[in-house]
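Here are some notes for a colleague who is new to this structure. They are set out as numbered points.

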Amino acid sequence: MPDLPKKKVGLISCSGEELPEGTVTRRAVRKVLETLRPDETVTLCLPLFLAGGEGERAFARYYPTIAVDGCDQRCAARATEKYSAPPVASIVVTEVAKGCPREDIGTARRLNQRGLALAEEMAAKIAEEVDRELKAPRRSRAKAGEKH
Amino acid sequence: MSGERKKVPVAACSGIGKSLGAAAREAAHILTEDLRPDQAKVVALALLVMGDEEAGREVAGREAVAIDGCKLECAAKGLACAGAAKVRKVAVFDVVRRHRGLKPEGVCDLNEDGLTLAKAAAEEAAKAIDEIDPEGRHA
């Protein structure tokens with residue numbers, strides 16, 4: 001039996017520096033990477049991805065990715081699709097946090113208890129998507145990436 | 001400078017994989033919230049590079065400050081691509097060399113050394129802001 005490379009899911013957070021939701025995306029993605037699904041996930045650096053990082057772009061072209069965005073501008077999802085292939089899932093903090101105003105979760109620099117709880121909730125949603133993707137049959141992503 | 005003062009745009013790398021990227025992000029917040037709140041403003045790097053018009057207007061044709069965590073200098077590249085007239089660079093990987101003994105760790109929660117490094121980087125960035133906007137501190 002050949003030793004096939006393990007299927008991993010790439011996580012791309014927007015990391016928006018202006019808004020607390022950007023900080024929520026960072027914390028949620030790190031929680032999945034470090035604690036919830038450490039063996040099944042990697043993080044992709046969005047700034048590097050945008051600046052032309054070939055390693056990041058190649059990974060996202062051939063492996064499934066989950067974009068985690070802070071707001072409806074969806075920079076992480078749009079960048080992934082533009083430079084590699086569409087993410088298999090796109091999760092947006094403002095959609096998960098409906099009914100929870102921005103002012104209630106802290107600042108971009110420091111989340112408060114509610115913001116930290118929102119990051120935990122986001123992390124759980126990301127982990128669910130990771131599990132869903134890993135159970136799904138392998139599909140070709142290179143084709144989607146080739147058009148760019 | 002007179003009339004409505006425009007703040008100097010600041011972009012940080014915000015790399016999610018390494019402590020130095022996290023220190024760059026923290027430095028941008030220290031700079032714009034504690035050290036030069038009336039002179040500097042954070043511009044979200046992802047928004048800028050994805051072509052957001054408002055973020056682009058903050059940067060195009062102006063001097064800006066990039067705080068980067070690694071040699072790839074994503075923040076500096078993003079500002080240059082957005083049309084900044086000049087980009088002043090603060091490289092956290094160089095700042096850490098000038099502060100031997102610091103061992104920054106953590107990404108979401110930087111340790112004490114990471115926060116010290118972020119403050120040192122922010123102070124270097126503040127000098128760059130003062131060079132760009134020398135009247136700003138007395139306005």
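1. How many helices and strands make up the secondary structure of chain A? In this predicted model, chain A has 7 helices and 4 strands. Their order along the sequence is β-α-β-α-α-β-α-β-α-α-α.

2. The 4 strands of chain A form an open sheet with parallel pairing, in the order β2-β1-β3-β4. At its edges are β2 (41-44) and β4 (89-92) of chain A, each of which pairs on one side only. From one strand to the next, the twist averages 25°.

3. Strand β1 (residues 9-13) of chain A runs parallel to β2(A), and 4 bridges join the two. One residue to look at is A:Ile12, whose bridge partner in β2(A) is A:Leu44.

4. Helix α1 (residues 20-36) lies across β1, β2 and β3 (65-69) of chain A, at about 160° to β1(A). Helix α3 (residues 54-62) of chain A also lies across β1, β2 and β3, running at about 135° to β2(A).

5. Chain A has 148 residues, and 49% of them count as buried. Of its contacts between residues at least 6 apart in sequence, 68% join residues at least 24 apart.

6. The largest nonpolar core holds 91 residues; among those touching the most other members are A:Val68, A:Ile126 and B:Ala27. Helix α6 (residues 112-132) of chain B gives the most to this core, with 9 residues. Leaving aside residues up to four places away in sequence, B:Ala27 touches B:Ala12, B:Ile67, B:Val92, B:Ala118, B:Ala121, B:Ala122 and B:Ala125.

Terms used:
Residues numbered from 1 in each chain as written. Chains lettered and ligands numbered in written order. Predicted model: local features only at pLDDT ≥ 70, side-chain atom pairs only at ≥ 80, totals over all residues. Core = buried A, V, L, I, M, F, W, Y, C linked by C-beta atoms within 7 Å. Buried ≥ 20, exposed ≤ 12 C-beta atoms within 10 Å, placed from the backbone. Contact = placed C-beta atoms within 7 Å. Pairing = 2+ DSSP bridges. Axes fitted to C-alpha atoms, helices over the stretch in contact; angles between N-to-C directions.
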